[in-house]
Amino acid sequence: MVKEMPATVKRSIELIGLFVLGTIIVAGNTVIMPLLMAFFFSLVLLPVFRFFRKLKVPEAIAVFLPILLLAIILALIIWLFSSQIGALLDDFPQIQRTVAKHLDNLSIWISKSFGYSPAEQVKFINVQSKKLFSSLGGVLSGAAGSLSGVAIFIGLLPIYIYLIMLYRNLFLKFLLMWFKKEDYQNVEQAVRQTEKMIKSYLLGLLIQITYIIILLGGALWLFGIQNALLIGIIFAFLNLIPYLGALIGNILGVLLTLASSDSMADVLIVLGAITAVQFLDNNILMPRIVGSQVKINPLVSIVGIIIGGVMAGLSGMFLAMPVLSILKIVFDRSENYKQWGVLLGDERPVKNEMQV
């Protein structure tokens, strides 16, 4: 019946389905995002689980041990980041003086370039400050809601990972029941390719974080840049968000440098080091680590990341790429949706298909 429908009707149904799916994700992102994140982490932890099972460890304990290992790694990362933030706060008086000096220089430049006196600038800042403080209550309540959401997210994540790994065979059986037996082999190949891709992607990101912190933090430390390790940590984690994260990381790196240094040469050193590390990461290191499992074109990647951020915040931006990769695997193996797989892919036709 579906095959007999006109192409325009099929495409309309698909677009309506995408809209309904997006609405469901926006409405239920507090439930869906932890489940999705737990699913991806479960795939990464499966080899560790299988290792413990080979050692004849009971299944429940073999599921718990990889989660404990993941919690220890995350705790070490949080400790490292918090220690760098503590070191930054210890230098707060010096930062205040440096920022005040930069603001004075900026005020003089504005006065000379645009004719606004320091008194007019102060008046403008006071007016904007009042507007800011008038909306501060809403911002703080939103922040409190976000913090509570993060707490719920972190609390549910290990529980979801444990249950997904424990009932993995049940979920696989549920998936297979949607298909005919002659399609089982195709479904199995898609599942195995998805598992391989997710493990490669997430483990690659972990390795990427490590070497970016070492390379960028070490390079800045050799040049005597203050807060070198903190800049490396911030950039490494923001770089997990393709395209947009690197831009934000550059901006924050410059701001941290300006807050602790009077010299513009230090800013140029930070930008140069970030550029060099990015070049190594994008062209040499990351392609060799992750490989070319599934390629998504840059336009779809950027739009997908923005949509993920609008729909589900930071977790949506982080999960956008693996979700798009899974969708491409599914579309490429489906006769009815292969055109969507082509749209997501990075393979450009050699010539124009339309002979005009």
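**The salt bridges in their helices**

Author: Followed along its sequence, the protein chain has the pattern α-α-α-α-α-α-α-α-α-α-α-α-α, which amounts to 13 helices and zero strands; here helices (H or I, at least four residues) and strands (E, at least two) are DSSP runs, numbered from the N terminus. The model is predicted, with local features needing pLDDT of at least 70 and side-chain atom pairs counting only at pLDDT 80 or more, while totals for chains, interfaces and linings use all residues. Residues are numbered from 1 along each chain as its sequence is written, and side-chain values use heavy atoms, with hydrogens and water left out.

Side chains of opposite charge can pair when their charged atoms come close. With a salt bridge taken as a side-chain nitrogen of Lys or Arg within 4 Å of a carboxyl oxygen of Asp or Glu, a search of the whole structure gives two.

One of them joins Arg168 to Glu59, whose closest N and O atoms are 3.1 Å apart. Arg168 belongs to helix α7 (residues 168-176) and Glu59 to helix α3 (residues 59-90), so this pair ties together parts that lie 109 residues apart in sequence. As for surroundings, a residue is called buried under 20% relative accessible area, exposed over 50%, and partly exposed in between (1.4 Å probe, protein chains only). On that scale Arg168, at 25% relative accessibility, is partly exposed, and Glu59, at 30%, is partly exposed too.

The other pair is Arg192 with Glu188, where the closest N and O atoms are again 3.1 Å apart. Arg192 counts as exposed at 54% relative accessibility, whereas Glu188, at 41%, counts as partly exposed.

For the chain as a whole, buried residues make up 33% of the 356 residues. Taking a contact as heavy atoms within 4.5 Å, 69% of the contacts between residues at least 6 apart in sequence join residues at least 24 apart. The chain exposes about 22,900 Å², of which carbon and sulfur atoms supply 72%, the areas coming from the Shrake-Rupley method with a 1.4 Å probe, and for residues only the protein chains shown count as cover.
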